[in-house]
Amino acid sequence: MSKFFPISLISSRGLLIVSALIVAAGLALFRAQQAYSRPTLAGDEASLLDGYRHAEVASVSDALEKISGQRMYMSHHMRPIFPTKFAGLAVTVLLRKEENSDPAALQGMLAAIDQGGPHSVYVMQVEQGADIAGMGGLMGTAMSARNFAGAVIDGGVRDVAYLQKIGFPVYALGIVPSTSLTHYRFGGANIPITCDGVAVSAGDIVTADADGVVVVPRARAAEVLALAQDMDFKEHSMYAYIEKLKSIEEAVKKFGRL
């Protein structure tokens with residue numbers, strides 16, 4: 001007699017139970033994968049990010065400086081490859097300058113991308129990397145597919161024509177054709193880094209528009225946003241007032257904003 005039971009000996013009830021278990025296991029795995037690769041935000045955090053997507057970066061910078069006394073904006077060297085506006089939560093990556101022949105030297109950099117998702121902003125520090133492309137079209141495609149909000153690279157960027165084609169927003173120190181392969185080693189992900197002179201920690205809010213990039217420490221994000229929104233309202237109200245009175249002095253006196 002065969003050591004396997006003929007399927008005819010399994011009852012219909014048994015088949016239903018086995019089928020149900022298989023479906024349940026598959027559904028659980030699917031849900032786990034979805035939760036891992038497509039993180040969701042709590043209602044208050046989603047509302048916070050939406051507020052930053054609409055606030056002007058200059059107002060965020062002013063509000064942050066007024067509240068904390070800190071300069072948290074990146075320099076004029078940090079520019080977008082095309083006009084853009086975004087806000088999201090920092091996924092930080094460090095590349096350390098090190099000549100090597102290790103094929104796995106940058107593996108952690110790629111893993112950090114695959115662990116991000118919607119609302120993520122990829123923020124990379126490339127040591128002495130102004131003339132090294134920290135990312136290009138392949139990494140940009142992966143971030144775009146995972147619905148990252150954008151990327152900020154303290155280094156160069158390449159494959160710009162392709163990144164523009166797919167519409168993935170990147171800020172970088174410049175456009176260069178070089179590679180980080182064999183010249184750099186992954187130094188860590190979601191650790192404190194310095195990007196164009198600004199301290200960035202994982203989960204900080206990174207907001208960018210035509211005026212540049214600002215990093216808001218997560219602990220002060222709600223407070224900074226409220227003041228930035230108030231500043232935006234005053235400034236937008238001032239335009240018509242200035243045009244009507246033909247006086248910026250009167251507008252500043254009335255609204256207290258410059």
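Hi everyone, and thanks for coming. Two housekeeping sentences before we look around. The model is predicted, so local features need pLDDT of at least 70 and side-chain atom pairs count only at pLDDT 80 or more, while totals for chains, interfaces and linings use all residues. Residues are numbered from 1 along each chain as its sequence is written, and side-chain values use heavy atoms, with hydrogens and water left out.

Let's start with the whole chain. It has 8 helices and 11 strands; these are DSSP runs numbered from the N terminus, with helices being H or I of at least four residues and strands E of at least two. The chain has 258 residues, and 42% of them count as buried. Buried here means under 20% relative accessible area, exposed means over 50%, and partly exposed is in between, with a 1.4 Å probe and protein chains only. Now for contacts, which means heavy atoms within 4.5 Å. If we take contacts between residues at least 6 apart in sequence, 75% of them join residues at least 24 apart.

Next, please find helix α3, residues 57–68, and helix α7, residues 221–245. Two packed helices are described by the angle between their axes and the distance between the axes. For this pair, the axes come within 8 Å and cross at roughly 125°. The axes are lines fitted to C-alpha atoms, for helices over the stretch in contact, and the angles run from 0 to 180 degrees between N-to-C directions. α3 and α7 are therefore oblique to each other. On that scale, under 35 degrees is roughly parallel, over 145 roughly antiparallel, 65 to 115 roughly perpendicular, and the rest oblique. The crossing of α3 past α7 is right-handed, meaning that the near helix is turned clockwise from the far one by less than a right angle.

Who makes the contact? From α3 we have S59, V60, D62, A63, L64, K66 and I67, and from α7 come E223, V224, L227, A228, M231 and D232. Sorted by type, the residues of this contact are 8 nonpolar, 1 polar and 4 charged. In that sorting, Ala, Val, Leu, Ile, Met, Phe, Trp, Tyr, Cys and Pro are nonpolar, Asp, Glu, Lys and Arg are charged, and the others, Gly among them, are polar.

On to charge pairs. Side chains of opposite charge can pair when their charged atoms come close. We call it a salt bridge when a side-chain nitrogen of Lys or Arg is within 4 Å of a carboxyl oxygen of Asp or Glu, and the count comes to 7.

Take R185 in strand β7, residues 184–189. E98 is in the loop between β2 and α4 (107–114), 87 residues away. R185 also forms a salt bridge with D102, at 3.0 Å, N to O; D102 is in the loop between β2 and α4, 83 residues from R185. R185 is partly exposed at 26%, as are E98 at 33% and D102 at 32%.

Another bridge pairs E127 with R96 at 3.2 Å, N to O. R96 is in strand β2, residues 86–97, and E127 is 31 residues away in the loop between β3 (120–126) and β4 (133–135). E127 is partly exposed at 24%, and so is R96 at 40%.

Stay with the loop between β3 and β4 for a moment, where Q128 and G129 also sit. Q128 is exposed at 68%, and its phi is positive, near 50°, in a residue other than glycine. G129, on the other hand, is buried at 4%. Not counting residues up to four places away in sequence, G129 touches G155, G156 and Y184.

Two last stops. Is D196 buried or exposed? D196 is buried at 15%, in the loop between β8 (193–195) and β9 (198–200), and has a positive phi of about 50° although it is not a glycine. Finally, L138 in helix α5, residues 137–145, counts as exposed at 77%.
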